[in-house]
Amino acid sequence: MIRDPRIKKFRKMLAEAPNYEVWKAAALELDFLEGSAEWKEDFASDLYHYELIYDRLSNLKQYRQQNDFERLKRALREGLHHDLGNMGNPALYTHSRVGTKHLVEEYITQVCESLDYLCDHPVPGFPISEKLQFFRDTLTSYGRPSLLLSGGATLGMFHFGVIKALWEKGLLPQVIAGSSIGAIIAGILGVHTDAEIPEMLVPENHNLKAWKWRGLLSAVRGDG
């Protein structure tokens with residue numbers, strides 16, 4: 001039973017959001033009203049190694065403040081991988097509607113700012129050639145993100161919304177694959193140029209009725 005009328009209001013806003021900005025604003029309000037904001041502020045948890053993340057965050061801040069670029073570079077190279085301290089634990093990203101533990105978010109922000117600084121500013125003893133090699137090595141260590149679109153017949157049309165949200169934020173990865181309808185949408189995306197993608201993401205430009213009966217039959221049979 002929802003007692004706070006504000007929760008009902010923002011859940012309705014969430015369900016009817018026309019874009020990511022509106023959805024995120026409603027989701028943040030719900031995180032606050034439903035108690036998830038407090039969970040995000042409390043960095044201690046058995047879901048990840050928060051002591052490790054806290055120590056590395058403190059070190060990055062210290063090296064930046066002291067202009068200790070050698071230690072900064074070493075700390076970045078050692079800690080730049082997806083699952084440092086179990087930060088990739090899916091449970092960290094299902095507790096709230098937006099984001100996760102603030103410690104994790106602050107660490108990621110600090111890493112990005114440190115990389116931007118090394119890239120954009122002249123650093124003593126760090127010529128352009130070494131910078132290029134540093135970022136090549138970092139890319140190899142970090143790897144490349146990918147997007148896997150699931151099957152689901154008609155429900156797979158929701159993938160267009162996922163792709164649109166990522167595209168508008170500049171977060172759509174270069175590696176995209178899928179299963180069943182997800183594979184079809186990945187294929188459609190793959191044959192469009194960057195200039196053509198916005199038009200491709202308009203639902204009215206597709207014959208969605210073609211999937212109507214296929215979706216019904218798949219649901220009855222239990223496949224997708």
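Buried here means under 20% relative accessible area, exposed over 50%, and partly exposed in between (1.4 Å probe, protein chains only). The model is predicted, so local features need pLDDT of at least 70 and side-chain atom pairs pLDDT 80 or more, while totals for chains, interfaces and linings use all residues. Residues are numbered from 1 along each chain as its sequence is written, and side-chain values use heavy atoms, with hydrogens and water left out.

On to the aromatics. Rings of Phe, Tyr and Trp (its six-membered ring) pair if their centres lie within 6.5 Å, with planes under 30 degrees apart counted as stacked, over 60 as edge-to-face and the rest as tilted. That rule gives 7 aromatic pairs. Y20 and W23 make a stacked one, at 6.0 Å centre to centre and 20 degrees between the planes. Both sit in helix α2, 3 residues apart, or about one turn. Y20 is partly exposed at 33%, and W23 is partly exposed at 28%. F69 and Y117 also stack, with 5.9 Å between centres and 15 degrees between planes. Since F69 belongs to helix α5 and Y117 to helix α6, this pair ties together parts 48 residues apart in sequence. F69 is buried at 12%, whereas Y117 is partly exposed at 23%.

Helix α2 (residues 20-33) also holds D31, which is buried at 0% relative accessibility. A polar atom of the D31 side chain lies 3.1 Å from the backbone nitrogen of V98. Beyond neighbours within four places in sequence, D31 is in contact (heavy atoms within 4.5 Å) with S36, A37, K40, S96, R97 and V98.

Notes: Helix = DSSP H or I, 4+ residues; strand = E, 2+ residues; numbered from the N terminus. Polar contact = N/O pair within 3.5 Å; in protein donor to acceptor, adjacent residues only side chain to side chain.
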